Amino acid sequence: MVWFATRISIGLNQISDQIDDFTEQKYTVRKQIPGHTEINQLYDKVVNLGEKTEHAQERLESSSTRLNGILTYMTDGVIATDRRGKIVLANTAALEYLNVSEKNLLSRKIIDALDIASNYTFRDLLESEPEIIIDSENAMGEFTTLRIKFALFRRESGFISGVVAVLHDVTEQEKNERERRLFVSNVSHELRTPLTSVKSYLEALDEGAINDPDIAPGFIKVSLKETDRMIRMIQDLVTLSRMDSDTIALEKEVINFIAFLHYQLNRFDQIVGNSDENEKQFKIVRQIPLQPIWMEIDTDKMGQVIDNLMNNAIKYSPAGGQITVSLEQTNTQVLLRISDEGLGIPKKDLPKIFDRFYRVDKARSREQGGTGLGLAIVRDIVKMHNGFVWAKSDGETGTTFTVVLPYAPLEDETDSEVDDWTGLTD
């Protein structure tokens with residue numbers, strides 16, 4: 001009897017040790033219990049339960065690994081909460097969007113972490129599952145706009161155990177939408193202003209001013225001037241629209257950029273020579289190397305860039321002012337600079353001058369017939385040539401525009417091949 005009790009005790013101890021091993025996830029160790037008693041059957045059931053637990057653990061770990069992999073490499077941020085609204089999970093993208101560490105985010109209430117507590121309660125998120133827009137500063141120090149969608153997290157039983165928030169970066173979309181609304185508003189305003197002016201003069205002429213030889217010619221002249229400005233504006237808008245829709249293809253050709261630049265500037269020298277005494281006088285100073293620079297460009301489009309920058313310099317240069325055009329060549333770039341001696345551009349306005357319809361001095365620009373689109377066209381054409389453009393000014397002593405174009409020497413470029421570029425085609 002003692003022997004039988006001892007054997008049962010040993011078997012139960014073995015089963016207890018086996019359960020401890022399974023609890024510590026030691027599934028490969030198996031105990032040996034001799035005999036074929038009920039104790040052995042109980043042990044076999046414990047081992048079978050341990051094997052099922054092992055397989056379930058492996059499936060759980062595999063699912064967890066896949067989920068973590070998906071969350072880690074998602075570009076959208078994901079935040080999950082418990083049923084009380086405290087954050088229990090956040091992926092890498094969410095941490096970067098909110099510029100916060102995982103340690104500082106977990107266990108915080110989601111309405112506090114997203115800074116929406118003034119507008120929403122956690123109950124609101126549960127009941128309405130709203131879609132909201134918030135502004136944030138990401139890990140790079142950049143201000144971003146995030147669209148957040150909320151969804152309930154339910155168990156199979158239907159019990160709500162929290163919410164899942166998906167954060168999507170819509171900074172670029174919001175920027176484009178703001179620019180679109182601003183563009184439509186600006187176009188409406190820029191066209192309405194000259195049309196109102198023309199309408200007023202035409203009404204005055206219709207009411208009898210046309211018979212007044214002192215007034216009528218001035219009214220007609222102003223109307224024609226405003227009409228010309230509207231035509232130029234519409235042409236510029238068509239050009240920008242075609243650039244935006246990628247319907248403009250560059251027609252590049254290899255030319256001597258030095259000769260091309262001189263050809264463009266010669267036209268402005270002729271303007272100086274043929275100008276009336278009452279027109280603004282200016283002087284063009286060229287700082288251009290003699291050695292040819294052979295490049296592949298669209299001469300028509302690049303001529304438009306030079307025209308716009310030169311006309312801009314002429315408009316804002318004082319009478320008798322000097323416009324300096326310089327060219328510099330490096331191993332990989334050609335830098336074209338056009339400088340004037342005008343009033344300059346305030347530093348706060350420099351980042352915006354290439355925006356469509358942006359004017360530093362709106363009254364002066366309209367008086368001189370500007371459309372507010374010239375620099376935007378310059379930027380887009382230079383960008384089509386894989387280059388970039390910027391402006392430098394202290395706001396007092398003039399402005400310098402710099403156009404940077406990529407450059408790679410041609411293999412067969414020799415002095416004997418240098419010809420003047422005349423701008424004429426056969």
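Contact here means heavy atoms within 4.5 Å. Helices (H or I, at least four residues) and strands (E, at least two) are DSSP runs, numbered from the N terminus. Axes are lines fitted to C-alpha atoms, for helices over the stretch in contact, with angles from 0 to 180 degrees between N-to-C directions. With that in hand, helix α10 (residues 299-316) lies across β7, β9, β10 and β12 (399-406), and runs at about 170 degrees to β12.

Some housekeeping: this is a predicted model, where local features need pLDDT of at least 70 and side-chain atom pairs count only at pLDDT 80 or more, while totals for chains, interfaces and linings use all residues. Residues are numbered from 1 along each chain as its sequence is written, and side-chain values use heavy atoms, leaving out hydrogens and water.

Now the sheet. Its five strands go β7-β9-β10-β12-β11, open and with mixed pairing (a pair needs at least two DSSP bridges). β7 (282-287) and β11 (388-393) sit at the edges, each pairing on one side only. From one strand to the next, the twist averages 15 degrees. Strands β9 (residues 321-329) and β10 (residues 333-339) run antiparallel, joined by six bridges, and Gln-329 stands opposite Val-334 in β10.

Next, the packing. A nonpolar core is a set of buried (under 20% relative accessible area, 1.4 Å probe, protein chains only) Ala, Val, Leu, Ile, Met, Phe, Trp, Tyr and Cys residues joined through side-chain atoms within 4.5 Å. The largest has 50 residues, with Phe-257, Met-310 and Leu-327 making the most contacts inside it. Its largest share, seven residues, comes from α10. Phe-257 touches residues including Met-302, Leu-327, Val-334 and Leu-405, not counting residues up to four places away in sequence.
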